[in-house]
Amino acid sequence: MTTDRRREGFLTEINEYAAFAEFYDRLTADVDYPARADYFLKLFDRCGVTPGSLLDLACGSGTLSLELSARGADVIGVDGSEDMLALAQDKARRAGRSLLFLHQDMRRLDLYGTVDGAVCALDSLNHLLDTGSLAEIFRRLHLFIAPGGVLLFDVNTPYKHRHILGDNSFVYEEEDFLCVWRNHLIERTCEVEMLLDFFIETPDGRYERLTDRVRERAYSRRTWEQLLEAAGFERLGVFGDGGFDPPVEAEERWVFAARRK
């Protein structure tokens with residue numbers, strides 16, 4: 001017998017990762033967070049900044065925040081999902097680290113002061129489905145990044161949405177759960193709607209089904225550059241994922257570096 005516990009209303013511009021939060025770390029086990037933290041810090045260094053204070057925007061379950069903190073940064077993690085932040089706080093407690101985690105919508109970012117730099121990783125900004133929302137996020141980042149501070153963020157490319165995610169399906173099978181991940185490409189806006197069904201075995205041998213919907217939109221490189229410029233950022237470079245060279249034509253993720261004017 002299968003129980004379908006759907007969370008209707010989950011399909012919003014800011015994804016709350018309701019059921020997804022329970023399995024997020026296991027589904028992203030292939031992400032090398034220590035290497036990701038090292039890469040961002042090297043990129044900050046190439047931009048002439050050594051961030052003593054750092055914002056991790058859309059920090060999710062906090063793994064990257066903890067890695068950045070372990071490397072000496074005073075990290076503030078911000079996320080729109082209470083479920084994700086609960087995981088992040090538990091990780092920080094178990095690691096014996098004191099990090100500030102704030103429950104905020106990215107579009108309403110409100111810090112107690114400025115930070116030296118900010119990161120927004122793993123295509124978090126792709127969850128914003130209109131440029132007006134992105135413009136507001138960059139405007140608020142401009143408010144809370146100190147003059148001369150640097151913003152780093154990565155995003156999925158239109159190539160990835162059309163050729164990798166597209167109308168494809170993926171299955172993740174673990175000992176205690178099964179995830180069926182089905183995508184639908186909306187070509188006109190380069191959006192991918194993702195339907196994730198989790199089947200979890202309960203103690204009595206039945207299976208409970210949790211369903212989450214996630215939506216992402218890929219924007220052109222020029223759109224990202226225009227949004228940064230309009231918000232008062234100077235673009236320092238666009239790189240292929242994990243490197244310092246310009247992106248190739250079939251790049252799946254762009255990394256942007258911009259300085260707060």
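Tyr 33, Pro 34, Arg 36, Ala 37, Phe 40 and Leu 41 of helix α2 meet Thr 63, Leu 64, Glu 67 and Leu 68 of helix α3, where contact means heavy atoms within 4.5 Å. Colleagues, I begin with this pair of helices. The model is predicted, so local features need pLDDT of at least 70 and side-chain atom pairs count only at pLDDT 80 or more, while totals for chains, interfaces and linings use all residues. Residues are numbered from 1 along each chain as its sequence is written, and side-chain values use heavy atoms, with hydrogens and water left out.

By class, the contact of α2 with α3 holds seven nonpolar, one polar and two charged residues. In this classification Ala, Val, Leu, Ile, Met, Phe, Trp, Tyr, Cys and Pro count as nonpolar, Asp, Glu, Lys and Arg as charged, and the others, Gly among them, as polar.

Two packed helices are described by the angle between their axes and the distance between the axes. Helix α2 spans residues 33-46 and helix α3 spans residues 63-70; they pack at an angle of about 60°, with their axes 9 Å apart. That angle makes α2 oblique to α3; angles under 35 degrees count as roughly parallel, over 145 as roughly antiparallel, 65 to 115 as roughly perpendicular and the rest as oblique. The axes are lines fitted to C-alpha atoms, for helices over the stretch in contact, and angles run from 0 to 180 degrees between N-to-C directions. Helices here are DSSP runs of H or I with at least four residues, strands are runs of E with at least two, and both are numbered from the N terminus.

Let me now turn to one residue of that contact. Arg 36 is found in helix α2. Is Arg 36 buried or exposed? Arg 36 is buried, with a relative accessible area of 11%; buried means under 20% relative accessible area, exposed over 50%, and partly exposed in between, with a 1.4 Å probe and protein chains only. Not counting residues up to four places away in sequence, Arg 36 touches Leu 64, Leu 122, Asp 154, Asp 241, Gly 242, Arg 253 and Val 255.

Next, helix α7. In this helix, residues 221-231, the buried residues include Thr 223, Trp 224, Glu 225, Leu 227, Leu 228 and Ala 231. What covers the buried residues of α7? The cover includes α5 (131-144), β6 (145-156), β11 (233-240) and β12 (253-260). Just after α7, Gly 232 takes a positive phi of about 100°.

Positive phi also occurs at residues other than glycine. Asp 123 has a phi near 55° and lies in the loop between β5 (115-120) and α5. Asp 123 counts as buried, at 10% relative accessibility. Cys 190 has a positive phi of about 55°, and its place is the loop between β8 (177-186) and β9 (191-201). At 4% relative accessibility, Cys 190 is buried.

I close with the cysteines. How many disulfides does a search of the whole structure find? The search finds zero, a disulfide being a pair of cysteine sulfur atoms within 2.5 Å. For Cys 47, the nearest cysteine sulfur is that of Cys 120, 16 Å away. For Cys 120, the nearest is that of Cys 59, 10.0 Å away. Cys 47 is buried, with a relative accessible area of 9%, and Cys 120 is buried at 2%.
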